[in-house]
Amino acid sequence: MSKEEVIKKIHKFVKGKDHPMMDDPEILRDPYRTLIGCLLSLRTKDETSLKVSIELFKKARNFKELNKMSLKELEKRIRSVNYYKTKAKRIKDVVKVILKDYNGKVPNDFNELMKLKGVGEKTAAVCMLYGFGVDSYIPVDVNVHRIVNRLGWFKSKSFSESMYKLMDTIDRKYWKWINNDFVIFGKNICVPISPFCSKCVVSKNCKKVGVNKRR
Ligand code: SF4
């Protein structure tokens, strides 16, 4: 079975299942919210960062309002996310750069996004796909990275390597599905420890690389 057929099977399987972050209209389709939400979500559970993001966006609806918020207040508002002090400082820095260099608007360009401190390939790709609706990159998080390696598609050492390998080998028309579908699949079936291989729709096409214990 080709990689595209595996993607189609997973797409069909996850249809109707919720993605904790991406299904939320509060975060989606607004580059400001997508960028700040993504910075808050790094190394934090989606459910926690989503809650914090929604509360924060009630107080700061755009970069100008976020800029007015003191560092102390921002720290207080986001303290449930991991590394909140580092994140608060980073967010303040990013806000200043966006106001100064980008006229208060998130740049609609992957390479410009990557110039912002603390923004890596994953965050830039998330902004492009979910904030601007541009499917020119594939956001790869821990779930996508784990699944493509377990399937035996690649032996990649980083999220970024997985992203570029996916972009090199997968037909462009499937790019927009991969992040959303694999995140849901990774939370429900191909979980980090003891994945549910017996219930998996692509089990026959999976090399199960590195999977010792399965259910
Ligand atoms: S067979 Fe197991 S390891 Fe492979 S994708 Fe399915 S759940 Fe993951």
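A residue is called buried here if 20 or more other C-beta atoms lie within 10 Å of its own, exposed if 12 or fewer, and partly exposed in between, with C-beta atoms placed from the backbone. Helices, in turn, are DSSP runs of H or I with at least four residues, numbered from the N terminus.

Good morning, colleagues. The structure before you is a predicted model, in which local features need pLDDT of at least 70 and side-chain atom pairs count only at pLDDT 80 or more, while totals for chains, interfaces and linings use all residues. Residues are numbered from 1 along each chain as its sequence is written.

Let me begin with helix H2. In H2, the buried residues are Tyr-32, Arg-33, Thr-34, Leu-35, Ile-36, Gly-37, Cys-38, Leu-39, Leu-40 and Ser-41. The helix spans residues 31-41 and is mostly covered, with 10 of its 11 residues buried. What do the buried residues of H2 pack against? Their partners are helix H3 (46-59), helix H4 (63-68), helix H6 (84-101) and helix H8 (121-131); two residues count as in contact if their C-beta atoms, placed from the backbone, lie within 7 Å.

I turn to the pairing of H2 with H8. Two packed helices are described by the angle between their axes and the distance between the axes. The axes of H2 and H8 come within 9 Å and cross at roughly 150°; such axes are lines fitted to C-alpha atoms, for helices over the stretch in contact, and the angles run from 0 to 180 degrees between N-to-C directions. This crossing of H2 and H8 is right-handed. A crossing is left-handed if the near helix is turned anticlockwise from the far one by less than a right angle, and right-handed if clockwise. On the H2 side, Pro-31, Thr-34, Leu-35, Cys-38 and Leu-39 meet Thr-123, Val-126, Cys-127, Tyr-130 and Gly-131 of H8. By class, the contact of H2 with H8 comprises seven nonpolar, three polar and no charged residues. In this scheme Ala, Val, Leu, Ile, Met, Phe, Trp, Tyr, Cys and Pro count as nonpolar, Asp, Glu, Lys and Arg as charged, and the others, Gly among them, as polar.

A second pair may be set beside this one. Helix H9 (residues 142-150) and helix H10 (residues 159-169) have axes that come within 10 Å and cross at roughly 65°. The crossing of H9 and H10 is left-handed. Val-144, His-145 and Val-148 of H9 make the contact with Phe-159, Ser-162 and Leu-166 of H10.

Next, the loops on either side of H2. Asp-30 lies in the loop between helix H1 (3-14) and H2, and Asp-30 is partly exposed, with 19 other C-beta atoms within 10 Å. The C-alpha atoms of Asp-30 and Lys-9 are separated by 30 Å, the two residues being 21 apart along the chain. Arg-43 is found in the loop between H2 and H3. Most residues other than glycine have a negative phi. Phi of Arg-43, however, is positive, near 55°. Is Arg-43 buried or exposed? Arg-43 is exposed, because 10 other C-beta atoms lie within 10 Å. Asn-103, in the loop between H6 and helix H7 (110-114), likewise has a positive phi, of about 60°, although it is not a glycine. Asn-103 is exposed, with 9 other C-beta atoms within 10 Å.

At the level of the whole chain, an automatic or database domain assignment gives domain 1 (3-20 + 137-205) and domain 2 (31-131). The C-alpha centres of the two domains lie 26 Å apart. Their contact takes 11 residues from domain 1 and 10 residues from domain 2. On the side of domain 1 that touches domain 2, H10 and helix H11 (175-188) each supply at least two residues. H10 gives the most to that side, with three residues.

Phe-185 lies in helix H11. Why is Phe-185 classed as buried? Phe-185 is buried because 24 other C-beta atoms lie within 10 Å. Not counting residues up to four places away in sequence, Phe-185 touches Ile-10, Phe-13, Val-14, Ile-147 and Cys-190.
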